[in-house]
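This briefing is meant to be read with the sequence and the structure side by side.

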Amino acid sequence: MKSEIYREIEAAKKSLNWGTFKAVSLVLFAVGAAAFLYQLFEGDAKRAWSAYVINYVYWTGLAFGTFLLSPVLTLTNATWGRPVKRLSESVVFFLPVSFILLWPLFLGRADVFWWVLHPEEQKAPWLNTTFFFARESVGLLAMALTGVVIAYNSLKNDLEYMRNGSGEKRSGSDGTGPFRDSGAAAVAYVILYAFIMSLVAFDMMMSLSREWYSTLFGAYYFVVSFYTGLTVLAILSAFAVKKMAMGNIITKKQLHDIGKLLFAFCVVSLDFFYVQFLVIWYGNEPIETRYVLLRIRHDPWTALAWTVLLVLFVIPFVVLLIRKIKMNPVLMTGISIWILLAAWLEKFLLVTPSMVKSGSLPLGIFEILISIGWLGLFVFCVCLFLQKYPVLAVSDPKLPGALEGEEAKVHLA
Amino acid sequence: MPDLCRRDFLKLFGIAGSGAVLYGCGEPATRYLIPYINPPEDVVPGKAVYYATTCRECPAGCGMLAKNREGRIVKVEGNPSHPVSRGKLCLRGQASLHGLYNPDRFWGPMQRNVYGALDPITWERGEAILAEKLSAAMAKGGGGRIVIVTGLVTGAIKDLTEMWLSEMGQENGHIMYEPWSYESLKKANQVVFGRDAVPQYRFDELDFLISFNAGFLETWISNLEFARQYASFHPISGESKNVFVFVGPRLSMTANNADLWIATRPGTEYAVGLGIIRAILDKKLAPDQPAERRAAIESMVSAWPVERAAATAGCDPKLIESVARLFAGAARPLAIAEGLPQCVPNATETAVAANLLCTLKPASLSAIDFSCESSRTYVARADAIKALADRMRSREIDVLIFQGVNPVFSLPKAWDFAAAIKSVPFVATFSPAIDETSALAHLVLPSHYSFESWGDYSPGKGVTGFLQPVMGPVFNTKHTGDILISTGKKIKGEESFPFRDFYDALQGYWTRISAEAGIKSFDDFWQNSIMQGGYWPEQTAKAPELSLPAPSFNFPESEQETGTGLPLVVYPTVQFYDGRMANHLWVQEFPDPMTQVTWGGWLEIHPETAGKLGLKKGDLLRVKTDYGAIEIPALPIYTVPEGVAAIPVGQGHWNFGRFATGLPANPFELLGPDLDLVSGATLRPGLNLKIEKTGKTFDIANTDGSFFLHGREEDFVPVISLEERNRMAASGEKPYIDYPLPAGYQESKDFYPRHTYSDYRWAMVVDLDRCIGCGACVAACYSENNVALVKRDQMLRGREMSWIRVQRYFNEDAKGARWLVMLCQHCDNAPCEYVCPIFAPHHSEEGLNNQVYNRCFGTRFCSQNDPYKVRRFNWYTFTRPEPLKWQLNPDVTVRQKGVMEKCSFCVHRIIEAKLEATMKGRKVRDGDFTTACAQTCPTEALIFGSLVDPESRVSKLINDVRAYQVLQHLNTKPAVIYLKRVIEELRV
Amino acid sequence: MSEAAGPQGLTGYGAADDQILGAMWNPGRVYWTFVAITALGVLIGASCWAYQIATGLGAANILHPAMWGTYLVNFVFWVGIAHSGTLISAILFLFRASWRTTISRSSEAMTVFAVMIAGMFPLIHLGRVWLVYWIVPYPNQRNLWPNFQSPLVFDVVAVSTYLTVSFLFWYTGLMPDLATIRDRTAGIKNRIYGFFSLGWRGSEKTWKTYGTAYLLFAALATPLVISVHSVVSWDFALGIVPGWHSTIFAPYFVAGAIHSGLAMVLVLLIPMRKIFRFENLITMEVLENVAKTIILTGLIVGYSYAIEHFLAWYSGGKAEEQQYMWRMTGYYSWCFWLMVICNAVVPIALFFKKVRTSIPALFSIGILVLIGMWLERLVIIVGSEAHEFDPYSWGLYKYPSIVEWGILIGSFSLFFFLFLLFAKFLPTISVADVKEKMQVRRDD
Amino acid sequence: MAKKLAVVGIFAYLNELVSAIEDLRRQKVSIDAVYSPLRSEQIREALGEPILGPGRFFTLTGAVLGLLTGMFLAWYTETQWMFDIGGKPAIGIVPVVIPAFEFFILIAVLFTLGGFLFLNRIPSMRLPAHYDKRFSQDRFGILVYCTEANCESVSRILKNLGAEEVSRIEE
């Protein structure tokens, strides 16, 4: 039966107007790029760059975070998530892109990083242009490639599977045999995710402040990234259910599980935020407090800080408590978009105060346009993938398990 | 309770003991033992009464006030009106109470039985025995058969002793023995100034000082007095700072205060002196010299060109030249020399060189005042003692009496003075406590301790301190004078001693003196003198001009490195003086200022050298000279130059009470037997130590965790150059301080709200430019706050209890060290407070960081989270033996095991002051009171007060450009604010 | 994998009862000797503590800068051990990882015992333990209360909550099995087990409410378990001691705790399944999954080590920087390196299926991780204290005193003693859960 | 009270039990209790019961109560002396999170347990007469209360549905 489900999906995909999607997203991208360049050369270069950094860390985290689910499913042997595995892989095209987008920073490094012009002898061995770009590029490249390998393997399975028509005989067989579960790559990806994302956090956000440091900051960044990644997944699944006829594959059950995962990571992110704040609050050492106090006590940031706390953590926490919402694709899309916006503000709060000294909130049309540009690019990459490749890991031996028996039922838990 | 037999006494002890622990809480037992010397109306339970008396721990004779509570002395402080102490006391003075309450004092008169053990006897019996022996001796006819050896005494008791002897028909039978007798100094003064005496010095008049190994801040002559003078000489005043240079083989406490330490090979200091003279003369920097003097001096130093001098001393010739320039350039420079023959060779030569150097600057000679010469002048010279020893050996002496001296310990072992004593048929001791000498006595007639006695003592011409019994006798003892009188009467009959007792004699003596001084009413005189603690008529203004004899002295050719082994430096320490205080529990507990070692002596050796010899810290070494050998643990440390060994004096007792006995080691045992015919002092040859490891170890109980600051100078002990300081002051720059006040709040870095104080905000300023590292503050704190004494084994486990410590850090080049007085910082944001689960520590409305002992159950988190590490934990219930408990201050809780404690800024004093102020209907004013540590600080480096009062000294000082806070980057906002030490770069 | 991990080779429900409950009744001589030995150990520990109370804390080798010695090391260690229990029974329950079924019971028991023992150490560590009740918020004349801003009070609240919750969780899970035993026994046993089964009937209604309750327990226990070790970590992180004051501590300690806990699970279960012949219930699959989880926690711990040291250098604080340098090179460096190897390096071997499926390998790795985690706490606690801001106040806690050793031995003995009793008197595997996982059906 | 007649059908296999339940419901026979040695979603579904039990409301109450208790305790005790410790505000907001959270968990758990016991009216030391020891071991049971009239039919139905044995009990 799998193969005809699959055909339905393909049919549904055909009926969708991908061209427009791509076109629109490209236009958005163009607009963003233009806005960036204008701000850079005609306007306030510092703000242009801060907008760039914000979006860089935001979208990079988002992409790698979204992709993370696939290797995690592989490693935990979890069955429930198989139907959405491919959706999480659908951001794979953006991974190399975020590697490439590192390089513009090289041009703007003097504007972005204080240590480029006034190196501090204590930190110089770490914070110097050569080493910085060396480690960043190596790290991002490695992670992107691992991602590509994973995506490639799981696609290859499907394509073969479809080629020899209905592979029913192989369904239900365990991971061995011709089926490649890229286990090693998955392990590599997860480990890289932890280290490289921390690297990005330390280098592109923490190092913007002269003195501040927090050992958990890296972990905080990659947890929040996964949190937002899950929202992307929720949106994509909703899209799949509504527009790609995957309703009877991505059931309430999957949605519910994604919702619960989202909730869990909302809590974890909140925890990681509180854990840092608490320790800094107790220590009351200026080297740590200045960074925080600048954001929570000094205009124009105070209001923003409270907003972020509320919209990124508190509200989603409350909303996601409700069981019904978790199982409703539309509502999930809503809360997901809400979280995505909140997360963007959060990055804004982390980055900008260190880079831009300003009496009023430096959040204007340009910041928005530039971000929209990034959005366009991201959407474009995803559309490209969805259109081209099967959106269901049809050959995954665990897929049937997810569709039949106990696993298919919505559980109390 | 003079007529109390030992048994009853013990009983009483028991009761009193139990009482002494629970003093203050109305426990009736405490009242059994209210001493009955001072009139009853003085004894008001709960009210402290202060009596003036005089410190007799060393011959400096500082005036003290003894704090009497319920008939017990619980604390001593300097007597403000006394010219020597001026309200201050040194570490030893503060610790003197442990001499009074020494548990190893003689409990009463005793007689040695046939088995050699001491049997208790009654005073009648004791005095009878003595009288009979004396009569027997007198019967033999001829003088000099009876000898009394005492420490340095003056006035009535001296008078009485000599009268007593002459009544017995003995001439010059009274010998005053002091280990530190400055023969070399006296000799040198005779050579250069024509005065065989120890003068009084006036450092406060100087603008340049060079000390040839004279530790005048530790023990030299009158260290407390000198410390005070030094405080007005050396620390920055206005824009400028006088220079102090130290020449010597060891970085002593004094040396470490110097702006320049010229490290020398032991015994070659004189070469440096001569080099300086030579340099000055060569450069014609001393114009106003009579030609013939000049010629004479030149001839003396002709053999000592700077290079040779430097080569001999093993120092850089440039140093000598620059010092010469500084000396000559100064208006009133002075050179002083230690002049103690035991410490380093050529003490006399060095002293002569120093004196000669002084003569080059006649202007500063008035800082050397022979008109009020020190009583040390009269101390017997070593040759006299030697002569005595010979007479003892040749059986010429029948009765030998010791009073408060311990020559068996402090004379060179090679003399074998003990054997000499043994050859005397009858030896009696009046010493109050057991010591190596008294241990040889046949009869023990223990005399009062100074605190229990009437008396007078004059440290130098023109100053006399009175002693009065500030509490009743702790043991069954008697005043020396009374013993003499009663025995005298027994022998010669009442009429020959026309006074009731020594008090009578004392008054008689002073009636005479006062009459001579032309004082009308003796009673007024007596009343006032006793009240104010002494008699010091107005000094005649200037010191009379010195008439300099034609100088002639021939300096030895510098002997080149004789033989192998390490040249030895022997030195007295600020804690132990000559070792007479070794059984003072406190003194054992206080870390040495430079080495930070407690409980036991050590052999200092440079780490490099130690490495070469393969010596590790704590290796028990067998150290040999040609004259003796001792076993002593090695201590590799930077206080000595490479290839030099140094051993402190004071430890190494073998029969001196429970605390001192058995600790290594006594350097006197290494000295030679001969006399220096020039000065009449013990001859001090080079003594190159042969060192071998015994294979055993004797762990060194030091309190420092590391020699260095590991790059944290700025966090702990930053220094400031004079130029920088003046620049900042001129430009009106303010120091960067996180004030422990509302002003200290900064929105940009403080999570916590502003701190406001209504009446007081207690705070302390520590001026590190004044601090000389002497540790008097530590001693004062111990006795004021009943700080527990943990003894050696706990000390080794890092469990000392001191509330305040003088931390020593060597500079990165290890050429000198810095001190940091560390006590509870009473922070505004105290990290120790918030971690306690039950509010045992919390912040008072007056800014104190209170520690509520009764509330504490010992999680020890506060100490863990305390970056200054000033909190102390009671690992056990630390107790102290009777009668040491009597010293405990009733105003301060004694802590139980399992409780955390720390500096309280003497909160009980604060409360007392506030009560008094309230009774006067006003607030506490600045200077109404101060903490124990600040009270005693000889250089007034510690200043205590309230920051709320803008006029208080602390409020003014914290705005000094030198102000800083320790570990400021932690944002704890300490209320102890330090003033940086000002460093002067000497151009070399 | 879930099916594969489940119980195997059981013909019917009865068989499950027979095997699991049957194992309880007649343990051999070996068992009793072990009981005796551990009981002796407990006595030793108790007498050491008594001695310490009598003389004072000087009995332990702690000193001025290093005020906290092995007692708090043990405290953190045992709390850590306690964590895997809840992880397995609650978190894995939420993730519907069915391999938890056969090991949840014993690891919950482990949790309860470990928390009990952990809870004793702060008392042992107190200077005046006889006043410990002051930390409890009870109304009193002077209105003196504990300080709810102190990490130690957080500790008390968290740990006691954890003890209560994990015990109730465990007990609730036990009820159906107690009922089973009740119905299989007669006489006094029947009475006792009957009493403790609270009259369980196993009607559908009961099962349903039971299910809901169990789920809610799990849902509540999960954040609790994370909070507890976070709180424990804050005993240090909320201080300002270099080497303690670090934001990563909470997650890092949680991971470490689970790391050691899982290791203890291996160390306990491997002998148990052998002795009780539970190979068919606690299958290789189960152990393998435990092993896999150990890899994960191991990696997290390794990550934390790396980040801590890097940022200590990056921060530029002298004390901070030198603290970590000293960790790697100073007096405790051997502990440090041993800990790194045991906690972060050795678990990597588990990537290989060969190692994962070899009983001896698993067992020894379990032991190694336990040692490593104990040393980690030592390095963090004592190491940091010994080398703080003021070089003058540096000082070394050289080695534990006899009393400390005695108490350490006592704590381990008590743990195994209790576990032995548990294995004798209670079903070490949840029969009801096993039955639930069995596919017993008649197909016709 | 009046005697009650109960018919208890005992089954050995889950799937038989489930189908039996379904049939009984189809035949509108009211099932008064189903006994089982294990927890099974199938039985629940067969009985057509909702997935969520009422237990969670107890938990919710407990949770809210706990939260309040924690905060109240912390803040109330702090107001008693208003100690200034380490310069921190006497009424802490950042730190109160922790006691509040712990009490929230603790009391929520206690209430959950209480709710569970309450809903099942346990502890109750006496077991009903129709209870069969095997219910906790290897047998399932269906309890139907009936009148003399339909008693027979019910037991017949149960037999047909594959009950190993059917017993009539008078309570």
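## A histidine in a loop of chain C

In chain C, His387(C) is placed in the loop between helix 14 (359-386) and helix 15 (402-425). The model is a predicted one, and the values below are computed from it. His387(C) has a relative accessible area of 7% and is therefore buried, since buried is taken to mean under 20%. Leaving aside residues up to four places away in sequence, His387(C) touches Gln322(C), Gln323(C), Trp326(C) and Trp394(C).

## A proline in a loop of chain B

- Pro249(B) lies in the loop of chain B that runs between strand 10 (243-248) and helix 8 (253-257).
- With a relative accessible area of 0%, Pro249(B) is buried.
- When residues up to four places away in sequence are not counted, Pro249(B) touches Asn213(B), Trp261(B), Thr264(B), Pro266(B), Glu269(B), Val344(B), Val569(B), Val640(B), Pro641(B) and Val644(B).
- Between Pro249(B) and Arg202(B) there are 47 residues of separation in sequence, and their C-alpha atoms are 25 Å apart in space.

## Chain B as a whole

- The secondary structure of chain B consists of 30 helices and 41 strands, and its C-alpha trace spans about 95 × 75 × 65 Å along the principal axes.
- For 988 residues a compact globule would have a radius of gyration near 30 Å, and the 28 Å of chain B agrees with that expectation.
- Of the 988 residues in chain B, 68% are buried, and 74% of the contacts with a separation of 6 or more are between residues 24 or more positions apart.

## Chain A as a whole

- Chain A has 18 helices and zero strands, and its C-alpha atoms fill a box of roughly 65 × 40 × 35 Å when taken along the principal axes.
- The radius of gyration of chain A is 22 Å, which agrees with the value near 22 Å that a compact globule of 413 residues would have.
- In chain A, 60% of the 413 residues count as buried, while residues 24 or more positions apart account for 83% of the contacts with a separation of 6 or more.
- Chain A exposes about 14800 Å², and carbon and sulfur atoms supply 72% of that area.
- The side chains of chain A include 35 positive and 28 negative ones, and the centres of the two sets lie 6 Å apart.

## Chain D as a whole

- Chain D has five helices and four strands, which follow the pattern β-α-β-α-α-α-β-α-β when read along the sequence.
- The radius of gyration of chain D is 25 Å, well over the 16 Å that the globule rule gives for 171 residues, so chain D is more spread out than a compact globule.
- Along its principal axes, the C-alpha trace of chain D spans about 80 × 35 × 25 Å.
- Buried residues make up 53% of the 171 residues in chain D, and 79% of its contacts with a separation of 6 or more join residues 24 or more positions apart.
- Chain D exposes about 7800 Å², of which carbon and sulfur atoms supply 63%.
- The 17 positive and 18 negative charges of chain D have mean positions 4 Å apart.

## Where chains meet

- Between chain B and chain C, 55 residues of chain B are in contact with 51 residues of chain C, and the two chains bury about 4500 Å² between them, 57% of it on carbon and sulfur atoms.
- Of the area that chain B buries against chain C, 17% is supplied by Arg712(B), Phe857(B) and Gln864(B), which is more than any other three residues supply.
- Between chain D and chain B, seven residues of chain D are in contact with 12 residues of chain B, and the buried area is about 930 Å², with 67% given by carbon and sulfur atoms.
- On the chain D side of this interface, Phe83(D), Asp84(D) and Ile85(D) supply 49% of the area that chain D buries against chain B, more than any other three residues.

Note on methods: Residues are numbered from 1 along each chain as its sequence is written. Chains are lettered from A and ligands numbered from 1 in the order in which they are written. This is a predicted model: local features need pLDDT of at least 70, side-chain atom pairs count only at pLDDT 80 or more; totals for chains, interfaces and linings use all residues. Side-chain values use heavy atoms; hydrogens and water are left out. Helices (H or I, at least four residues) and strands (E, at least two) are DSSP runs, numbered from the N terminus. The radius of gyration is taken over C-alpha atoms; the globule rule is 2.2 Å times the number of residues to the power 0.38. Buried means under 20% relative accessible area, exposed over 50%, partly exposed in between (1.4 Å probe, protein chains only). Contact means heavy atoms within 4.5 Å. Accessible areas come from the Shrake-Rupley method with a 1.4 Å probe; for residues, only the protein chains shown count as cover. Lys and Arg count as positive and Asp and Glu as negative; His and the chain ends are not counted. The place of a charge is taken as NZ of Lys, CZ of Arg, CG of Asp or CD of Glu. Buried area is the accessible area (1.4 Å probe) that two parts lose on being put together, summed over both.
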